[in-house]
Amino acid sequence: MARCETCGNEYPKAFQVVLAGQNHTFDSFECAIHRLAPVCAHCQCRIIGHGIEAKGEMYCCAHCAEAAPDR
């Protein structure tokens, strides 16, 4: 059985995600998102969809990208 790297649960149906050449093991999409999804530079929420890259940062939406101060 594989162990989830986020919560530590041992689960027979765990899955692996390869990101930037590194293998990660999870028991749920929730744990994978918690560990791997980028964080919005303005509101700090996890970016689950495409997001927006602006000003050298990642944002969850156009509103946050526009609201963020210039750096």
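Which side chain meets Glu-5 in a salt bridge? The partner is Arg-35, with 3.7 Å from N to O. A salt bridge is counted where a side-chain nitrogen of Lys or Arg lies within 4 Å of a carboxyl oxygen of Asp or Glu. This pair links distant parts of the chain: Arg-35 belongs to helix H1, whereas Glu-5 sits in the loop between strand S1 (2-3) and strand S2 (10-11), 30 residues apart. Helices (H or I, at least four residues) and strands (E, at least two) are DSSP runs, numbered from the N terminus.

The model is predicted; local features need pLDDT of at least 70 and side-chain atom pairs count only at pLDDT 80 or more, while totals for chains, interfaces and linings use all residues. Residues are numbered from 1 along each chain as its sequence is written, and side-chain values use heavy atoms, with hydrogens and water left out.

The count of salt bridges comes to two. In the other pair, Glu-10 joins Arg-3, and the closest N and O atoms are 2.4 Å apart. Accessibility was classed by relative accessible area as buried (under 20%), exposed (over 50%) or partly exposed (in between), with a 1.4 Å probe and protein chains only. Glu-10 is partly exposed at 40%. Arg-35 is likewise partly exposed at 40%, and Glu-5 is partly exposed at 31%.

Strands S3 and S4 pair in the antiparallel sense over five bridges; strands are taken as paired if DSSP finds at least two bridges between them. The two strands form a hairpin with two residues between them, and Ala-20 in the turn has a positive phi of about 55°. Within this pairing, Phe-15 stands opposite Phe-26 in S4.

A search of the whole structure finds two aromatic pairs. Phe-15 and Phe-26 make a tilted pair, at 6.3 Å centre to centre and 50° between the planes. Phe-15 lies in strand S3 (residues 15-19) and Phe-26 in strand S4 (residues 22-26), 11 residues apart. Rings of Phe, Tyr and Trp (its six-membered ring) pair if their centres lie within 6.5 Å; planes under 30 degrees apart count as stacked, over 60 as edge-to-face and the rest as tilted. Phe-15 is partly exposed at 24% relative accessibility, whereas Phe-26 is buried at 0%. Phe-15 also forms a tilted pair with Phe-29, at 5.2 Å centre to centre and 40° between the planes. This pair links S3 to helix H1 (residues 29-36), where Phe-29 is found, 14 residues apart from Phe-15. Phe-29 is exposed, with a relative accessible area of 64%. Phe-15, Phe-26 and Phe-29 form one aromatic cluster.

The largest nonpolar core has six residues, namely Cys-40, Ile-47, Tyr-59, Cys-64, Ala-65 and Ala-68. Such a core is a set of buried Ala, Val, Leu, Ile, Met, Phe, Trp, Tyr and Cys residues joined through side-chain atoms within 4.5 Å. Cys-64 is buried, with a relative accessible area of 5%. Leaving aside residues up to four places away in sequence, Cys-64 touches Cys-40, His-42, Cys-43 and Tyr-59, a contact being heavy atoms within 4.5 Å.

The structure holds zero disulfides, a disulfide being a pair of cysteine sulfur atoms within 2.5 Å. For Cys-64, the closest cysteine sulfur is that of Cys-60 at 3.8 Å, too far for a bond. For Cys-43, the closest is in Cys-45 at 3.4 Å, also too far for a bond. Cys-43 is partly exposed, with a relative accessible area of 38%.
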